[in-house]
Amino acid sequence: MLETKDLGYWYTQQNDYLFKDINLSFEAGKVYAILGSSGSGKTTFLSLLAGLDQPKSGSILYKGEDIKKIGMTNYRKKDVSIIFQAYNLFSYMTAYENVQTALRISGAKKTDEKDYIIESLKKVGITEDLINKRVTHLSGGQQQRVAIVRAFVSGHELIIADEPTGNLDEITTGEIVDIFKSIAHEQHKTVIIVTHEPEVAKQSDLVYELKNKEFSLKTTEKIVVD
Ligand SMILES: Nc1ncnc2c1ncn2[C@@H]1O[C@H](COP(=O)(O)OP(=O)(O)OP(=O)(O)O)[C@@H](O)[C@H]1O
Ligand SMILES: [Mg+2]
């Protein structure tokens, strides 16, 4: 689905790589966590996977094709959805309108648009009474649920999230990761979550840890949650 080939990146000096010669692959139907301490380069790595920035060396292949060849704008528009810690919702719109806007921008046509949006929001626990509220009147966890629905109604097969549970308590974090898991498992999407929280990594299907400029595959059993 998504692969990095000898991927490398540096900001200011070529000899000061954040990471280099990275070869990882991400399959459909799974939730991946990218675990690493603050400043290790997780957001940078994610911005490369999401086509927001160009690698300094190596390449990224989506379904076997270099995303540069697909065209970065095209790739972002058609294939990948990004979820940020700060939700990035339209604050003056309701939950319903936020999802409707994403659906329309993506060009995905639904004959029963209204029912589809309401059902999608309900699935993640945004109940009838919340659907038509302005999103600024919703809690952090509720706003993140709206952001997730917005990402998956777009029909994109790849969902990339940067610290999506950063502002949330432990129980809500667990519920959000469960939503990501059901999207990956039931809709056969690839979900990649960047996080510094071992709890999130432990719940994921596969974990890559970024440490000392290298990525290693960790088994979820070995993750210590303190
Ligand atoms: N635009 C930039 N120019 C120069 N250096 C940068 C830039 N953005 C990030 N960095 C540096 O690159 C390193 C990795 O940053 P990055 O944001 O990818 O880390 P992170 O793992 O996401 O950290 P956090 O967990 O705190 O979000 C840091 O040392 C950071 O200071
Ligand atoms: Mg970051």
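The questions and answers below walk through a predicted model.

Residues are numbered from 1 along each chain as its sequence is written, and chains are lettered from A and ligands numbered from 1 in the order in which they are written. In this predicted model, local features need pLDDT of at least 70 and side-chain atom pairs count only at pLDDT 80 or more, while totals for chains, interfaces and linings use all residues.

Visitor: What is the radius of gyration of the chain?
Guide: The secondary structure comes to 9 helices and 11 strands (DSSP runs numbered from the N terminus: helices are H or I with at least four residues, strands E with at least two). For 226 residues the globule rule gives 17 Å, and the chain comes close to this, so it is as compact as a globular protein of that length. The rule is 2.2 Å times the number of residues to the power 0.38, and the radius is taken over C-alpha atoms. The radius of gyration is 17 Å.

Visitor: What share of the residues of the chain counts as buried?
Guide: A residue is buried if 20 or more other C-beta atoms lie within 10 Å of its own, exposed if 12 or fewer, and partly exposed in between, with C-beta atoms placed from the backbone. Over the 226 residues, the share that counts as buried is 37%.

Visitor: Which helix gives the most to the shell around ligand 1?
Guide: A residue is near a molecule or strand if its C-beta atom, placed from the backbone, lies within 6 Å of it. Residues surrounding ligand 1 include Tyr-11, Gly-41, Lys-42, Thr-43, Thr-44 and His-196. With 3 residues, the top contributor is helix α1 (residues 42–49).

Visitor: How many residues of that shell are polar?
Guide: Ala, Val, Leu, Ile, Met, Phe, Trp, Tyr, Cys and Pro count as nonpolar, Asp, Glu, Lys and Arg as charged, and the others, Gly among them, as polar. The shell has 2 nonpolar residues and 1 charged; the polar ones number 9.

Visitor: Within what arc do the buried residues of α4 fall?
Guide: Helix α4 (residues 95–106) has 12 residues and should span 16 Å at 1.5 Å a residue; its end C-alpha atoms are 17 Å apart, which agrees. The expected span is 1.5 Å times one less than the number of residues. In α4, Ala-95, Asn-98, Val-99, Ala-102 and Leu-103 are buried. Taking directions from the helix axis to the C-beta atoms, these residues line one face of the helix, because they fall within an arc of 130°.

Visitor: Is Asn-212 buried or exposed?
Guide: Asn-212 lies in the loop between β10 (206–211) and β11 (214–218). Its phi is positive, about 50°, although it is not a glycine. With 9 other C-beta atoms within 10 Å, Asn-212 is exposed.

Visitor: Which residues does Met-72 touch, not counting those up to four places away in sequence?
Guide: Met-72 sits in helix α3 (residues 72–78). It counts as partly exposed, because it has 14 C-beta neighbours inside 10 Å. Leaving out residues up to four places away, Met-72 touches Gly-51 and Ile-67.

Note on methods: Two residues are in contact if their C-beta atoms, placed from the backbone, lie within 7 Å.
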